[in-house]
Amino acid sequence: MFIQKIINQMTTQHWVYYPIAILLTSVFWISGLTKILHFDVAMAEMAHFNLQPAALFVIMTILVQLLGSLLVILGGRWIWLGAGALSVFTLATIPIAHRFWEMPADQGALDLALVQEHFSLISGLILIVIV
């Protein structure tokens with residue numbers, strides 16, 4: 001009963017949203033900032049996955065990661081756009097970077113776990129929009 005009361009109080013407090021949104025999107029905004037700080041490494045990553053022109057893919061990735069995160073963190077009427085962009089981006093990385101079905105079992109198991117984490121993250125993004 002006591003724990004339920006605390007949970008009910010937390011979920012009705014608007015301030016709780018912000019730290020949750022910051023944590024939920026941290027994988028994206030940290031990655032976007034890292035790509036800005038280490039643009040050459042980001043270019044090599046895009047080239048590794050045959051995404052050309054690499055500079056365009058890096059810039060687009062940074063924009064999606066940072067702007068999508070910002071829209072989710074700010075909440076409001078455009079949260080769906082940020083969460084949707086981050087979800088589509090995350091889903092698109094699976095056939096590009098996590099082709100577990102083409103890998104040896106030991107390596108494929110790791111990428112399969114990453115894909116499962118991707119689906120969890122997408123689910124969290126959907127939840128933050130509808131709650």
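Colleague: To begin with the chain as a whole, what percentage of the 131 residues in the protein chain do buried residues make up? After that, please look closely at the contact of α5 with α6: which residues in α5 meet which residues in α6?

Modeller: The model is a predicted one, and in it buried residues make up 31% of the 131 residues in the protein chain. The secondary structure comes to six helices and zero strands, so that, read from the N terminus on, the elements run α-α-α-α-α-α. Taken along the principal axes, the C-alpha atoms fill a box of roughly 50 × 35 × 20 Å, and the chain exposes about 8600 Å², of which carbon and sulfur atoms supply 75%. Among the contacts with a separation of 6 or more, 58% are accounted for by residues 24 or more positions apart.

Turning to the part you asked about, helix α5 covers residues 79-97 and helix α6 covers residues 105-130, and their axes come within 9 Å and cross at roughly 170 degrees. Because an angle over 145 degrees counts as roughly antiparallel, α5 and α6 are described as roughly antiparallel to each other. On the α5 side, the residues that take part are Ile79, Trp80, Ala83, Leu86, Ser87, Thr90, Leu91, Thr93, Ile94 and Ala97, and in α6 they meet Asp111, Val115, His118, Phe119, Ile122, Leu125, Ile128 and Val129. By class, this contact has 13 nonpolar, four polar and one charged residues.

The loop between α5 and α6 holds a residue that belongs with this picture, namely His98. His98 is buried, with a relative accessible area of 12%, and its side chain makes a polar contact of 2.9 Å with the side chain of Asp111, a residue that also takes part in the contact of α5 with α6. Not counting residues up to four places away in sequence, His98 touches Thr93, Met103, Asp111, Leu114, Val115 and His118, and of these Thr93, Val115 and His118 are likewise named in the contact between the two helices.

Leaving out residues up to four places away in sequence, Thr61 touches Lys35, Met46 and Phe89, and Phe89 falls within the residue range of α5. Leu66 is also found in helix α4, but at 24% relative accessibility it counts as partly exposed. Beyond its neighbours within four places in sequence, Leu66 is in contact with Trp29, Gly32, Leu33 and Ile36, while its C-alpha atom is separated by 18 Å from that of Ala54, 12 residues apart along the chain.

Finally, the loop between α3 and α4 deserves a careful look at its backbone. Most residues other than glycine have a negative phi, and most peptide bonds are trans. In this loop lies Asn50, where phi is near 60 degrees, a positive value in a residue other than glycine, and Asn50 is exposed, with a relative accessible area of 66%. Pro53 lies in the loop between α3 and α4 as well, and the peptide bond from Gln52 to Pro53 is cis, with omega near 0 degrees.

Definitions and conventions: Residues numbered from 1 in each chain as written. Predicted model: local features only at pLDDT ≥ 70, side-chain atom pairs only at ≥ 80, totals over all residues. Heavy atoms only, no water. Contact = heavy atoms within 4.5 Å. Axes fitted to C-alpha atoms, helices over the stretch in contact; angles between N-to-C directions. Helix = DSSP H or I, 4+ residues; strand = E, 2+ residues; numbered from the N terminus. Parallel < 35°, antiparallel > 145°, perpendicular 65-115°, else oblique. Nonpolar A, V, L, I, M, F, W, Y, C, P; charged D, E, K, R; others polar. Buried < 20%, exposed > 50% of the residue type's maximum accessible area, 1.4 Å probe, protein only. Areas by Shrake-Rupley, 256 points an atom, 1.4 Å probe, with all protein chains shown as cover. Polar contact = N/O pair within 3.5 Å; in protein donor to acceptor, adjacent residues only side chain to side chain.
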